[in-house]
Structures are given as C-alpha cells and as structure tokens.
Amino acid sequence: AMFSAAAPRVAPAATAAAPRSARDGSPARGIPRATVFGTRARKPPCLAPSPGTRSARPATTRRAVPDAAQALAVAETFTAIARDAATRAPSPALGDLAEGAFGSPAVPLLAILGGLGIYKAAVYWRVQFITASMIGKHVPPAARRVLEYGVGQGKNLYYYPKSVGMVVGIDPDAKEDLLIQVSIASSIPFVAKKQALEDSNGQPDGSIDAVVSTGSFGKVSDPEALLTEAARVLKPGAPLVFVEDLGTLGEKNDVLDAITKSRAAETFFEKAQYDDLWATLPLAPTAIGVAVRKGEEAGNARAAAGGAAAKKKDDFETATGLSGKRGKRKKK
C-alpha cells in the first residue's frame with residue numbers, strides 16, 4: 001500500500017557482502033533512510049561527485065511520499081506540547097513583570113500624558129484653522145493699516161487679505177529679519193516693532209482699521225490696559241479680533257473677563273461675540289471672538305488713555321510709531 005508503515009524492501013544480497021556502515025547499523029549509500037516524514041533516498045556512490053572534482057550539476061535529493069503513521073505521531077506530539085504550554089502556569093518572571101510594570105501607576109500616567117499631548121496638538125491645529133478664518137472674515141479687505149499684538153514668527157501674515165495696506169506687528173521677541181522674509185513670501189507689507197506689549201504702540205488715535213491679538217492678553221499683567229490701548233487706536237466700527245489661550249484649567253479666565261466685562265470693554269466696545277463652547281473646552285479653553293469699537297459718542301478713548309485730543313496726520317510713511325525694518329521692497 002502507498003501509505004504502509006512497513007519498512008522499505010532491501011535486497012537479500014545485502015548481507016556479509018554489504019559495506020561496513022550497513023553491518024554496524026548505519027545506512028549505506030544508495031539505501032533509503034527513514035526520516036520523520038517518510039523515507040529519503042540517498043544518492044548512489046556513482047552519482048555523487050568525487051572529492052576534488054567539480055560537478056556540472058549539483059546533487060539533489062528526492063523526497064519520498066510521507067508516511068501517514070509517522071506524520072500522525074508528529075502531529076499528536078505537537079498537540080500535546082501546545083496543550084501543556086496552555087495549561088502551564090505563567091513563569092514567575094512574567095508575573096513579576098506584570099505586577100511591577102503594568103500594574104504600576106507609571107503606565108496609565110504615561111498613557112494619559114500621551115493622550116493629552118495628542119489632544120493638545122489636535123486643538124492647536126484646529127485653533128490655527130479658526131484663526132485664519134477669523135482674520136480673513138473680520139479684517140476689512142480695504143484696511144489701510146492693521147495692528148497685531150504678539151506677531152511671533154509672522155504665521156498670521158498668510159491669513160490677511162492681500163489687499164491690506166500694512167500690518168504693524170508688536171512683539172517683545174520680534175525677529176525682524178525673519179519677519180521681513182515672511183512678509184515678502186506672504187505679499188503683505190509689514191512693520192515690526194520690538195517692544196513690550198504693555199507699552200504705547202505709538203500709533204495715531206483712531207488710525208487702525210483692525211486689531212488682531214493671538215495670545216497677547218494672557219501675557220500681560222493688566223489685560224484691561226492693553227484693551228484700552230487697542231481702543232485708542234481703533235477707528236469707530238473697527239474690529240478687535242482675539243484668539244486667547246485661557247490656560248489648561250482656565251487659570252486665565254481674567255483675560256476673557258477683561259475683553260467682555262471690564263469697564264474698558266463696556267465703555268469702548270460693543271458687546272463682544274465669542275464662542276462659549278471653545279471658552280469652556282476641557283483642558284484647552286480658548287477665547288475666540290471679535291469686539292467692535294464703538295463710535296465717538298459712546299466714549300472717548302483718547303481721554304481715557306491720556307492721548308492728545310487732536311488727531312495726528314495719518315500717513316503711512318510719516319506717521320509716528322512706524323520705526324523698524326520694513327517688509328516691503330523699495331521700487332527702483
């Protein structure tokens with residue numbers, strides 16, 4: 001039979017005349033040798049290459065048909081090993097690892113911190129998208145001059161309408177050379193002023209068509225004073241666009257209160273419009289909104305800020321406070 005477990009036939013003549021390897025129990029060349037899965041025929045001596053000679057064709061081995069009984073025995077052996085491994089108790093080293101590492105508070109803490117980092121990154125990029133939308137929507141396309149607090153590296157310059165006349169950026173850490181390059185790349189004329197945010201911006205009263213603040217109110221000790229200075233330079237009906245981080249746990253809620261509930265806010269601005277859901281966002285509250293400057297009849301910002309009553313001439317090249325490197329190439 002094809003799958004018989006009987007040993008293969010051997011010629012009767014293989015007795016005393018057989019090679020020594022056959023007499024001492026080891027199979028001789030040319031005689032099939034039993035393997036785990038059946039028999040494998042050895043090459044006769046005449047087909048094997050002699051030592052020191054190269055064979056044009058390498059010797060190959062031929063697999064016999066597997067023996068069903070031996071294959072079944074091997075399968076039963078592996079099954080028994082798997083069953084024993086499944087029922088065996090875990091090693092002490094693995095138990096110590098699970099108790100000492102995975103059971104410690106370090107792993108859930110790392111998981112929480114990692115999840116918080118991903119959450120913060122997602123919020124940051126979403127806020128950047130909203131900032132671009134707020135600037136593009138509320139900054140008038142025909143604005144001659146825009147004042148931005150906390151200009152940073154100038155990423156907001158890409159969000160302004162291309163028809164804006166000029167952006168004056170105030171930042172204590174302003175890198176003027178970098179901002180000039182960003183100004184040229186974004187096609188927005190730009191003037192950088194490296195000074196403290198609390199200081200007077202030097203712009204004429206009522207000369208600014210829009211004020212943009214991204215995180216500046218949370219960096220000053222008196223947000224209401226900064227709001228009063230913004231109201232001084234804004235034209236009646238001009239917007240104040242703000243995107244302010246309120247802290248991880250809302251520890252900077254005074255920023256939103258200064259923009260919406262302070263005396264300066266009630267005197268110089270219409271009621272601020274902001275997103276309440278973003279202002280109460282867990283672990284990343286952000287004040288995103290706009291406040292419109294009231295008319296002259298509602299209050300005089302110049303008197304509150306101690307400014308002069310007479311308006312200064314509003315000209316791009318001669319107006320005061322525009323000292324700094326220009327981000328606009330000169331025409332030859």
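**Overview.** I began with the inventory: the chain has 10 helices and 10 strands, where helices (H or I, at least four residues) and strands (E, at least two) are DSSP runs numbered from the N terminus. This is a predicted model, so I noted that local features need pLDDT of at least 70 and side-chain atom pairs pLDDT 80 or more, while totals for chains, interfaces and linings use all residues. Residues are numbered from 1 along each chain as its sequence is written, and side-chain values use heavy atoms, with hydrogens and water left out. Of the 332 residues, 34% count as buried (under 20% relative accessible area; exposed is over 50%, partly exposed in between; 1.4 Å probe, protein chains only).

**The sheet.** I traced an open, mixed sheet of seven strands in the order β6-β5-β4-β7-β8-β10-β9; two strands pair if DSSP finds at least two bridges between them. β6 (190–193) and β9 (273–274) stand at the edges with a single partner strand each, so one side of each lacks a neighbour in the sheet. In the parallel pair β4 (146–149) and β7 (210–214), I found four bridges, and Tyr-149 faces Ser-213 of β7.

**Helices on the sheet.** I saw α6 (223–233) lying across β4, β7 and β8 (239–245), at about 170 degrees to β4. Helix α7 (253–260) touches β8, β9 and β10 (286–292), making about 165 degrees with β8. Contact means heavy atoms within 4.5 Å; axes are lines fitted to C-alpha atoms, for helices over the stretch in contact, and angles run from 0 to 180 degrees between N-to-C directions.

**Which residues of α7 are buried?** They are Val-255, Leu-256, Ala-258 and Ile-259. Down the axis of α7 they fall within an arc of 160 degrees, so they line one face of the helix; the arc is that of the directions from the helix axis to the C-beta atoms.

**Salt bridges.** I searched the whole structure and got three, taking a side-chain nitrogen of Lys or Arg within 4 Å of a carboxyl oxygen of Asp or Glu. Arg-232 meets Asp-205 at 2.3 Å, N to O; Arg-232 sits in α6 and Asp-205 in the loop between β6 and β7, 27 residues apart. Glu-229 also bridges to Arg-232, at 2.8 Å, and both of these residues are buried. The remaining entry is Asp-209 with Lys-235, at 3.0 Å. Asp-209 is buried at 14%, whereas Lys-235 is partly exposed at 25%.
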